[in-house]
Amino acid sequence: MISRRNIRVKVMQTLYTCFTREGDITKEEAIRTLDKHIDQSRQLFVFLIYILTETARYAEADARQKASKHLPTAADLNINTKISGNTLLWQLLEHTSYDKAAKEIKPELMGAEDWIRKLYSELVTSDVYKQYIKIEGREKKQEKEILEFIFTDLMLPNEDFISFIEERFLHWEDDADMINLLMLNLLQKPHNGDFQQFVSNEKLKFAKDLLLSVIEKEEVCNDYIKDKLQNWDPERTAILDMILMRMGICEFLFFETIPPKVTINEYIDLAKDYSTPQSGHFVNGILDSIHKELATQNKLHKVSFKKP
């Protein structure tokens, strides 16, 4: 469900945790930390699906509450609940994998009730919603578009809502683009979602191999980097820059299916997004220089780091 760029971000986060904690870290602890970072993203995704679906379903609760007033008006007795029966909504709710994940994660205990009401209130006053309930019957395209509207036009642009999410998921900013893409893909093909296997076996193996190669080959990577820093003290280099360059060097040496140019471009982008304003240029210069040296010396063997 997630891309190799997302995997690299998770490995980067895990390595940052490993390299900034006191004391040595075992391979088993590093893998557990990686699994935790990946599972936090899965929990975030499930929580947002919960808010999206409960916002749509709130039409039924709204209709019940207004009909039970002491002196309900005609409008109170005629609340349109079409969206509660949204066919895509129910495909999500009846998705066996989502149901299992929701029972495990329990998003209903994360305090989103007020936000579900607020989002529903915004939804029913929108022109998009008024047009949706005007149309009789259910077209697949319209069913999808109204749920996309709730997510992309009501939830994501709301700064207060995002602050609420960030209070519960500190890595939201890192995961936002990935979650947005995952949500849109899920709404396009709801049956494709797998909430038990958030990362495919092939990508999880890549993540663990990359993580362990950087930890095991830290000194080898540092020697390559120090040689290119010339008169610059490695201790003054931003720790994220060092982590990204170690990851890049390990990909050069031990991941035979990844072209070096792809590796360099990926870590330039990550440095720009996650480190200092100068980091993209800095990481580019060091990795490009190391790549040329390895190629000149015929050291790009491209074999598994576990092989002798």
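How many aromatic pairs does the count come to? The count comes to 11 aromatic pairs, where rings of Phe, Tyr and Trp (its six-membered ring) pair if their centres lie within 6.5 Å, with planes under 30 degrees apart called stacked, over 60 edge-to-face and the rest tilted. This is a predicted model, in which local features need pLDDT of at least 70, side-chain atom pairs count only at pLDDT 80 or more, and totals for chains, interfaces and linings use all residues. Residues are numbered from 1 along each chain as its sequence is written, and side-chain values use heavy atoms, leaving out hydrogens and water.

| Pair | Centre to centre | Angle of planes | Class |
|---|---|---|---|
| Phe-47 and Phe-164 | 6.1 Å | 45° | tilted |
| Phe-47 and Phe-169 | 5.8 Å | 40° | tilted |

Phe-47 belongs to helix 2 (residues 27–67) and Phe-164 to helix 8 (residues 159–168), so this pair links parts of the chain 117 residues apart. Helices here are DSSP runs (H or I, at least four residues), numbered from the N terminus. Phe-169 lies in the loop between helix 8 and helix 9 (172–188), so its pair with Phe-47 ties together parts 122 residues apart in sequence.

Phe-47 is buried at 0% relative accessible area, as are Phe-164 at 7% and Phe-169 at 5%; buried means under 20%, exposed over 50% and partly exposed in between (1.4 Å probe, protein chains only). Ring pairs join Phe-47, Phe-164 and Phe-169 with Trp-115 and Phe-161 in a cluster.

Charges also meet rings here: Arg-4 sits over the face of Phe-206, 4.4 Å from the ring centre, and Arg-246 over that of Phe-19, at 4.7 Å. The rule asks for NZ of Lys or CZ of Arg within 6 Å of the ring centre and within 35 degrees of the ring normal.

Technical notes: Helix = DSSP H or I, 4+ residues; strand = E, 2+ residues; numbered from the N terminus.
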